[in-house]
Amino acid sequence: MSAATRRLTTAQALVRFLAAQYTERDGVRHRLITGTWGIFGHGNVAGLGQALVEYADVMPYHQGRSEQAMVHAAVGHARQLNRLRVQAVTTSIGPGATNLVTGAALATVNRLPVLLLPGDYFASHAADPLLQQLEHPVEADVSVNDALRPVSRYFDRVTRPEALVASALKAVRVLTDPAETGAVTLALPQDVQTEAHDWPEEFFADRVWHVRRPAPDPAELAEAVRAVRAAERPLIVAGGGVHHSEAEQALKALVDATGIPVASTQAGKGALRHDHPADLGGIGHTGTAVSDELARTADLVIGVGTRYSDFTTASGTLFQRPDVRFLNLNITAFDAHKLAARTLVCDARTGLATLAEALSGHRVDAAYEAEYRAGKAHLEETVRAAFRADDDGAVPTQTQVLGALDAVVGDEDVVINAAGSLPGDLHKLWRARSPRQYHLEYGYSCMGYEIPAALGVQQAAPDTPVWALVGDGTYLMNPTEIVTAVQEDLPVKLVLVQNHGYASIGGLSESVGAERFGTDYRHRAADGSFTGAPLPVDLAANAASLGMDVLRAKTVRELREALVAARAATRPTCVYVETAPPSAALPAEAWWDVPVAEVSAREAATDARTAYERSVADRRHHL
């Protein structure tokens, strides 16, 4: 007797399949695909567009304005939900598809799941070339979607209806695998999307994907325990994997028992609450003085869920003790083996709990504990000084903007940022009160991430105040999803900081001998020099024109009042503030390698090269 089948188009079958997928971890079940973002054009309007209309009861749809922004929104959503729930993104062919590439790279770099469903050419080549099709003279199966291959963890072009069964299952396996996840792309030829097929009913049955928590190998665990017990100055580096695994309490239990201090990457900040005595704040180029000083003298660095970016390692110059060794706890062997480390390839929560049990009775020396607690006390005074505003009537500095926000947010609020000068100030100064509060996308540091990501986070946590912090440069990159926030009635809060240019890259430009060239938003004179006059651009008016309520703040007092009002608002609200130059910029506590011109006729560049050669000499290869 033949198995029961259902006749549907390929696009209809895909939507029904996705609606029936679930994840399960620790006995808790979640729907995997919570909704689909889409911008329709030829290539998806007659296929997936029709299917989403037909099955609107089982697959929520969200209308985006920019394909890249839709991916950012989906990534923010997945991060807020610990990678257990995912959103899909569908686009037309051509520019709609290629606009996904930046978002896909961001997702894969940050190990965050998103399902991409771009339209593609006719698999039959019946209409060839069609509008927006890229022709390759010797490879007829190439399309612009192939640009997504290097930035996707899984890629397939579904050229026949029946091929969808195997491809969809493989796609979901990668989305739900904590060691392999990232962007997953199913390129969908537009003719195949609309073709009917007799699908096995089993394809549409509820399917639960167990998200594993692998335990450490006993031999690796024994080596790790010996290394920790032998260390005199151990330091934990907490990365994003602590959050993805929901391992914050396991980390706290280990730290409470052993006294080992914790420094955090951008993705890992908030792994310990800011007022825990062992939380030393950020590490690396944008880290705190106490974290970086301990890193230089640590004899054992315990990386938990970190991929050791150059900002974390100060481009290989941070961990300077001659006998320093590394112990890396990571669910991905690729990351665990970095820096010639001893490895614990396992889930972060399981591994930390197992390690704590095996280390029962072990604690760091009291003198070491007293040392880092003194450093933390100095850090807290640094934060207070940076946040303090002695004149409520003055124009606020950027750090005073953060201080005003710090005074307003509650434990549950989420603060989102990605690029510019704000990540450095936030990493040094922000006092994270909960595991999800500090949401920095710094693996790809993508300008334009913040506003759409706030939408995805707000969808994931509808009763939570969600703040997107952006400078004028980032705002101009990608403000369009403000319209989506208004359309979907998502009460995100936007803090728009106007400092008339690329502040972060301007400072970097000056330090490497490029003399802030091309980093100001100001009028140019006939000779090409800047006149110093700001451009007559009103970004607050722009945000208002897109549908936001806008509160303008000119002083510290007005800023505080505006932030309080924005937090209470029930619709999308922007707080616009123009900042004063900082009286004393917070210095970097560790180096970052940006190569400087080896020869130049300009004094600024030759001086920068001399400084560069001094710093690069400190780089180590840990073997």
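Val-237 stands opposite Ala-263 in S13. The model is predicted, so local features need pLDDT of at least 70 and side-chain atom pairs count only at pLDDT 80 or more, while totals for chains, interfaces and linings use all residues. Residues are numbered from 1 along each chain as its sequence is written, and side-chain values use heavy atoms, with hydrogens and water left out. Helices (H or I, at least four residues) and strands (E, at least two) are DSSP runs, numbered from the N terminus.

**The sheet with S12 and S13**

- Strand S12 (residues 234–238) pairs with strand S13 (residues 262–264) in the parallel sense over three bridges; two strands pair if DSSP finds at least two bridges between them.
- These strands belong to an open sheet of six strands with parallel pairing, in the order S14-S13-S12-S15-S16-S17.
- At its edges are strand S14 (279–282) and strand S17 (342–345), each of which pairs on one side only.
- On average, neighbouring strands of this sheet are turned by 20° against each other, direction ignored; axes are lines fitted to C-alpha atoms, for helices over the stretch in contact, and angles run from 0 to 180 degrees between N-to-C directions.
- Helix H15 (residues 366–387) packs on the sheet and touches S12 and S14, where contact means heavy atoms within 4.5 Å.
- The direction of H15 makes about 50° with that of S14.

**The sheet with S21 and S25**

- An open sheet of six strands, also described by parallel pairing, has the order S19-S18-S20-S21-S25-S24.
- Strand S19 (438–440) and strand S24 (549–553) each have a single partner strand, so one side of each is left without a neighbour in the sheet.
- Neighbouring strands of this sheet are turned by 20° against each other on average, direction ignored.
- Within it, strand S21 (residues 493–498) and strand S25 (residues 573–578) pair in the parallel sense over six bridges.
- In this pairing, Leu-496 stands opposite Tyr-576 in S25.
- Helix H17 lies across strand S18 (414–417), S19 and strand S20 (466–471), and runs at about 150° to S19.

**Pocket and cavities**

- On a 1 Å grid over the protein atoms alone, a cavity is a set of points where a 1.4 Å probe fits but cannot get out, and a pocket is an open set with protein on both sides within 12 Å along at least five of seven lines; lining residues have an atom within 4 Å of a point.
- The second largest pocket has a volume of about 220 Å³, a volume being the space filled by probe spheres set on the grid points, which are joined across faces, edges and corners.
- Its lining has 19 residues, of which His-274, Asp-279, Lys-376, Leu-379 and Arg-431 lie nearest the centre of the pocket.
- S14, H15 and helix H17 (422–429) are the elements that give two or more residues to this lining, and the largest share, four residues, comes from H15.
- By class, the lining of the second largest pocket has seven nonpolar, five polar and seven charged residues; Ala, Val, Leu, Ile, Met, Phe, Trp, Tyr, Cys and Pro count as nonpolar, Asp, Glu, Lys and Arg as charged, and the others, Gly among them, as polar.
- The count of cavities of 30 Å³ or more comes to three, and about 50 Å³ of space lies in the largest cavity.
- Residues lining the largest cavity include Ile-93, Asp-120, Tyr-121 and Val-144.

**Buried residues**

- Ala-187 is found in strand S9 (residues 183–189).
- At 0% relative accessibility, Ala-187 counts as buried; buried means under 20% relative accessible area, exposed over 50%, and partly exposed in between (1.4 Å probe, protein chains only).
- Beyond its neighbours within four places in sequence, Ala-187 is in contact with residues including Pro-118, Asp-120 and Phe-155.
- In helix H1 (residues 10–19), nine of the ten residues are buried, among them Leu-14, Phe-17 and Leu-18.

**Backbone exceptions**

- Most residues other than glycine have a negative phi, and most peptide bonds are trans.
- The peptide bond from Asp-128 to Pro-129 is cis, with omega near 0°, and Pro-129 lies in the loop between strand S7 (114–120) and strand S8 (154–157).
- Ala-340 has a positive phi of about 55° and is partly exposed, with a relative accessible area of 46%.
- Asp-489, in the loop between helix H20 (481–487) and S21, has a positive phi near 55°.
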